[in-house]
Amino acid sequence: MLVGLTGGIGSGKSTVASLLAAKGAVVVDADEVARAVVEPGEPAFSALVERFGAGILDTDGRLDRAALAALAFADDEGRKALGDITWPAIGEEFERRITEAPPGSVIVCDVPLLVESKAAAARPYVAVIVVEAPKALRLDRLELRGVARDDAERRMAAQATDEERRAVATHLVDNGGPLEQLERQVDAIWDEIVAGAGSGAGSVGE
């Protein structure tokens, strides 16, 4: 049973994912998958080095993401090459993790760009959880993580709007308050999802 989880940068989506994992959900995190497929020894890692050169590696021989970005985003050809190498690898690994989850699992697909990605949006979710928080709070959280405010605002502007995410949501989570409030919301959503699974409820969009 697939559950989609998304939210804008700084909304606290990862906290919701952790709460769901604590309840027994299998969380497949798109960001974690994206990091895993470019680890040394992975085919995408080798392909990136072959395409962009050894200058994208740090002193330990691992991927230097800033160096890669500087080269890959310098022109359209570089951007296309980066996408052609990484996106198929990410998609394959993401699907592998879904397939290998134990039978009967609630599988939470933690995808920041769920709305923006046609492949992610097309999965047969029984529910889609969208995490929200006020913009000012999101900016404060990102600053605490070391993201400059103007950079954070650019990242927000590049993502789907709150309205676009709400359009696909079956459950909205307000993460603008204390943790206890968030936990109560997640508890209620979990109970509803599990109850729906027991009743044989259909997928989103069916």
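## Ile107 in strand E3

Once its neighbours within four places in sequence are set aside, Ile107 is in contact (heavy atoms within 4.5 Å) with Met1, Leu2, Val3, Val26, Val28, Ile98 and Ala101. Ile107 lies in strand E3, where helices (H or I, at least four residues) and strands (E, at least two) are DSSP runs numbered from the N terminus. Its relative accessibility is 6%, so Ile107 counts as buried; buried stands for under 20% relative accessible area, exposed for over 50% and partly exposed for what falls in between, with a 1.4 Å probe and protein chains only. Gly10, 97 residues from Ile107 along the chain, has its C-alpha atom 23 Å from that of Ile107.

## Basis of the model

The model is predicted, and local features need pLDDT of at least 70, side-chain atom pairs count only at pLDDT 80 or more, and totals for chains, interfaces and linings use all residues. Residues are numbered from 1 along each chain as its sequence is written, and side-chain values use heavy atoms, with hydrogens and water left out.

## Helix H5 and its cover

Helix H5 runs through residues 76–99, and its 24 residues, at 1.5 Å a residue, should span 34 Å, which agrees with the 34 Å between its end C-alpha atoms; the expected span is 1.5 Å times one less than the number of residues. The buried residues of H5 are Gly78, Ala81, Leu82, Gly83, Ile85, Thr86, Ala89, Ile90, Glu93, Phe94 and Ile98. Their cover includes strands E1 (2–7), E2 (26–29) and E3 (107–110), together with helices H2 (30–36), H3 (43–52) and H4 (65–72).

## H3 against H5

The axes of H3 and H5 come within 10 Å and cross at roughly 165°, the axes being lines fitted to C-alpha atoms, for helices over the stretch in contact, with angles from 0 to 180 degrees between N-to-C directions. That angle makes H3 roughly antiparallel to H5, since angles under 35 degrees count as roughly parallel, over 145 as roughly antiparallel, 65 to 115 as roughly perpendicular and the rest as oblique.

On the H3 side the contact is made by Ala44, Ala47, Leu48, Arg51 and Phe52, and on the H5 side by Glu77, Gly78, Ala81, Leu82, Ile85, Thr86 and Ala89. By class, the residues of this contact of H3 with H5 divide into 8 nonpolar, 2 polar and 2 charged, where Ala, Val, Leu, Ile, Met, Phe, Trp, Tyr, Cys and Pro count as nonpolar, Asp, Glu, Lys and Arg as charged, and the others, Gly among them, as polar.

Ala30, placed in helix H2, counts as buried at 13% relative accessibility. Not counting residues up to four places away in sequence, Ala30 touches Phe94, Asp110, Val111 and Pro112; Ala30 and Phe94 are 64 residues apart in sequence and 7.0 Å apart, C-alpha to C-alpha.

Phe45, in helix H3, is buried, with a relative accessible area of 10%. Beyond its neighbours within four places in sequence, Phe45 is in contact with Val37, Val38, Glu39, Pro40, Leu57, Gly61, Arg62 and Leu63.

## H7 against H8

The axes of helix H7 (residues 135–144) and helix H8 (residues 149–158) come within 9 Å and cross at roughly 125°, which makes H7 oblique to H8. Lys135, Ala136, Arg138, Leu139, Asp140, Leu142 and Glu143 of H7 make the contact with Arg149, Ala152, Glu153 and Met156 of H8, and by class this contact of H7 with H8 has 5 nonpolar, no polar and 6 charged residues.
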